[in-house]
Amino acid sequence: MSSCSRVALVTGANRGIGLAIARELCRQFSGDVVLTARDVARGQAAVQQLQAEGLSPRFHQLDIDDLQSIRALRDFLRKEYGGLNVLVNNAAVAFKSDDPMPFDIKAEMTLKTNFFATRNMCNELLPIMKPHGRVVNISSLQCLRAFENCSEDLQEKFRSDTLTEGDLVDLMKKFVEDTKNEVHEREGWPNSPYGVSKLGVTVLSRILARRLDEKRKADRILVNACCPGPVQTDMDGKYSIRTVEEGVETPVYLALLPPDATEPQGQLVHDKVVQNW
């Protein structure tokens, strides 16, 4: 086991907002920071970049679309640190608006990574979260636009305090299936796979937080979703209004909530403010 028993993990951290979050955690988090990436060479290059800045991250390969890769990471964290203190689920995909790929394929691929793989990360790593652990799921304000463009029936389901994880999974699967059958608009869905995927992540965060409050309340593990805002990355575009440094403020704030904090919990947070929806 590492002599440093505290550890923070950032997924999709070889570039963009993930790299910036890893950088800031290296500066502020009291413990090791593990930077993960699907591509080993790119991940190691990111580590070298931070090392050149005088920081000391560790690297571990991770493909969140591969359950065995997630479990290998889980086993590494358990062996090296006895668990995990901070998890930032940042890895995601987003198609450009002019991408010629068929809409249903975009929906399937986007939901696979952004929702289902993020859910796998939570389900595999939450059991090894240490007391006072922090889970930050990177969402987007696009989830609110997607929610507003859902039918009233879907909105009621997503808002429900009795919605289970299984119910949410069924809804996400239904969206993908409805796009394949070309009936998603008729069924009340918006035309935004990315927005729907991040709506799923936001609602999942609320469900997981509720479960933790029921089963591990004494551990004070906080799970939240957050929106960094449109930042100047490859995903959001160079014309976005925020710098990457501005974008990391809320994710890092949630990752470093003090041990005695009890809120926010299960919320969507933007600019360090809970969003009501």
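Where is arginine 220 found? Select this residue to begin the tour of a predicted model. Arginine 220 sits in the loop between α8 and β6. Its phi is positive, at about 50°, although the residue is not a glycine. Most residues other than glycine have a negative phi, and most peptide bonds are trans. Arginine 220 has a relative accessible area of 36%, so it is partly exposed.

**The sheet**

Next, display the strands. An open sheet is formed by eight strands, in the order β3-β2-β1-β4-β5-β6-β7-β8, and their pairing is mixed. Which strands stand at the edges? They are β3 (58-61) and β8 (273-274); each has a single partner strand, so one side of each is left without a neighbour in the sheet.

Now select strand β1 (residues 7-10) together with strand β4 (residues 84-89). These two strands run parallel and are joined by three bridges. Within the pair, alanine 8 of the chain stands opposite valine 86 in β4.

**Helices on the sheet**

**A pair of helices**

Two packed helices are described by the angle between their axes and the distance between the axes.

To see the contact itself, show the following side chains:

- From α7: Glu165, Leu168, Met172 and Phe175.
- From α8: Pro193, Val196, Gly200, Val203, Leu204, Ile207, Leu208 and Arg211.

What kinds of residue make up the contact of α7 with α8? Nine are nonpolar, one is polar and two are charged.

**The nonpolar cores**

Turn now to leucine 84, which lies in strand β4. Is leucine 84 buried or exposed? Its relative accessible area is 0%, so leucine 84 is buried. Select valine 7 as well: the C-alpha atoms of leucine 84 and valine 7 are separated by 5.8 Å, although the two residues are 77 residues apart along the chain. Leaving aside neighbours within four places in sequence, the contacts of leucine 84 are Val7, Leu9, Leu77, Leu125, Ile128, Met129 and Lys130.

Leucine 84 also belongs to the largest nonpolar core, which has 51 residues. Those with the most contacts inside this core are Leu9, Leu77, Leu84, Met121, Phe158 and Leu168. Apart from it lies another core, of 31 residues; Ala13, Leu19, Cys26 and Leu55 are among them.

**Around lysine 272**

Move to lysine 272, in the loop between β7 and β8. Its phi is near 65°, a positive value in a residue other than glycine. Lysine 272 has a relative accessibility of 44% and therefore counts as partly exposed. Leaving aside neighbours within four places in sequence, lysine 272 is in contact with Glu249, Thr250 and Tyr253. For a view across the model, select alanine 41 too: its C-alpha atom and that of lysine 272 are separated by 34 Å, and the residues are 231 residues apart along the chain.

From lysine 272, step to its contact Thr250. Threonine 250 lies in helix α10. With a relative accessible area of 4%, threonine 250 is buried. Not counting residues up to four places away in sequence, threonine 250 touches Cys226, Val269, His270, Asp271 and Lys272.

**A cis peptide bond**

For the last stop, select glutamate 263 and proline 264. The peptide bond from glutamate 263 to proline 264 is cis, with omega near 0°. Where is proline 264 found? It is in the loop between α10 (249-255) and β7.

Note on methods. Residues are numbered from 1 along each chain as its sequence is written. This is a predicted model: local features need pLDDT of at least 70, side-chain atom pairs count only at pLDDT 80 or more; totals for chains, interfaces and linings use all residues. Side-chain values use heavy atoms; hydrogens and water are left out. A nonpolar core is a set of buried Ala, Val, Leu, Ile, Met, Phe, Trp, Tyr and Cys residues joined through side-chain atoms within 4.5 Å. Buried means under 20% relative accessible area, exposed over 50%, partly exposed in between (1.4 Å probe, protein chains only). Contact means heavy atoms within 4.5 Å. Helices (H or I, at least four residues) and strands (E, at least two) are DSSP runs, numbered from the N terminus. Ala, Val, Leu, Ile, Met, Phe, Trp, Tyr, Cys and Pro count as nonpolar, Asp, Glu, Lys and Arg as charged, and the others, Gly among them, as polar. Two strands pair if DSSP finds at least two bridges between them.
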